Amino acid sequence: MRYYLLLIITALAACNNAPSGNAHETVLSDTTRNASCVYLTNTEKGNPVISWVEDGGMYYAVSPDGGKTFAAPKRITTASGIQPHPENMPKIIFRPNGEVIAMYGLESNDPRNKYAGKVCYVRSMDGGASWLPAQPLVTDTAGYDQRYFDMALLPSGEVAAIWLDNRKFHRQEGSTLYMATAGAAGFEKERPLVQTVCQCCRTALYTDGQGALHAAFRDIINDSIRDMVHIVSTDGGRSFTTPVRISADNWMINGCPHTGPAMVKNSSGLHFAWFTMGGGEGVFYCQSPDNGITYSKRENISALPTAKHPQLTALGNGDLALVWDEAVDTAANRIGLLHKSPAGETLSKRFLTEAGGYANFPVLRAAGNGQVLVAYKKRIGERDVVCAQLVGL
């Protein structure tokens, strides 16, 4: 009897972790060119939008039916020369007034730092039909390095942006986290928020359902620890709380892990996912029931040191979905999907791409009716292409 019970349990576990199959996988980019830097958002009407970089330009495709199909890709005509970097991926945001803003990174080519980057943005005042010329996010000549930006829509309809900047007022390691908001004249009123941020890790900016503005990033603590922290503003970004670690990983590393945090909020509180090699390896998850004052003990989602690039979303019923990528061996990489209850209890875990293929840098968005839309970069033949799946949880 025990033998048969073990067989049943083993079979169930195998099904739970098996790839879901690619029957509904859609290729969005041009298969004759390399594509990367996948990003996912919604239009002002709630339609899913997937954007990416292809041949130095920025493209996006809109779904009219919740992610089942996508219209032909559109190129953002005034965004060019983009430096492809999946952790510094270009992003697009749709304002309620019909304006669309696309932001992206370029090489700075500044002699003060050969690795420096520059952030530019372009605006469309007619829903993407035409685009204004590109503008630099920072015009101060002392600011020669801007990277790892994020954008979020504020309750006012304005757009907030954060980024890492070389300008700082001390000699400590790291970059300064800056913020600016965009109104009728573009981004302005820039100001520093935190000055000891890991200089090459993705940042995250998020507006919750109550209008609070949250930022998460990898901070440099006590000169050597690079752990994830969270700050929140309840006054539209005019002031923020002091950074608090979401988990005391105590990762001491003299370098930049690149991969950044993800966060979302539901009725149970804030939820976070991130990569670390402090006190363990791989992708971790935790939650905060009190808007960032206290945090739960972290949970290891994947203990592989190659498990990185987590992203989170919340469904309409409060359920959570988390994606990440991990290397199966030296030649293969796959996308994982975790389904959690509103309180953070794990309900299922599986993989969306085959173990023998190569797919990474997933992003996701709730798509209604217990579904999530997942987009990612995948290698087909000798090309990297952008793919999407509409997945039921």
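Select β18 (262–266) in this predicted model. β18 gives 5 residues to the lining of the largest pocket, the most of any element. Now show the pocket itself, with its volume of about 1,100 Å³. The lining has 40 residues, and Y39, L205, Y206, T207 and R365 are the ones nearest the centre. Besides β18, the elements giving two or more residues to the lining include β2 (35–42), β10 (146–153), β14 (204–207) and β26 (359–368). Colour the lining by residue class: 22 residues are nonpolar, 11 polar and 7 charged.

Move to β3 (residues 48–54) and β4 (residues 57–62), which form an antiparallel pair over 6 bridges. Within this pair, V49 faces V62 in β4.

Then select I50, W52, I76, I92 and W131. These have the most contacts inside the largest nonpolar core, which has 34 residues. Elements supplying at least two residues each include β3, β4, β7 (100–107) and β28 (383–392), while β2 gives the most, with 5 residues. Which residues does I50 touch, leaving aside those up to four places away in sequence? Among them are L28, V38, Y39, Y59, F70, L373 and A388.

Finally, select A262, L270, W274 and L338. They belong to another core, of 26 residues, which lies apart from the largest one.

Definitions and conventions. Residues numbered from 1 in each chain as written. Predicted model: local features only at pLDDT ≥ 70, side-chain atom pairs only at ≥ 80, totals over all residues. Heavy atoms only, no water. 1 Å grid on protein atoms, 1.4 Å probe; cavity = no way out; pocket = protein on both sides within 12 Å on 5 of 7 lines; lining within 4 Å. Points joined across faces, edges and corners; volume = space filled by probe spheres on them. Helix = DSSP H or I, 4+ residues; strand = E, 2+ residues; numbered from the N terminus. Nonpolar A, V, L, I, M, F, W, Y, C, P; charged D, E, K, R; others polar. Pairing = 2+ DSSP bridges. Core = buried A, V, L, I, M, F, W, Y, C linked by side-chain atoms within 4.5 Å. Buried < 20%, exposed > 50% of the residue type's maximum accessible area, 1.4 Å probe, protein only. Contact = heavy atoms within 4.5 Å.
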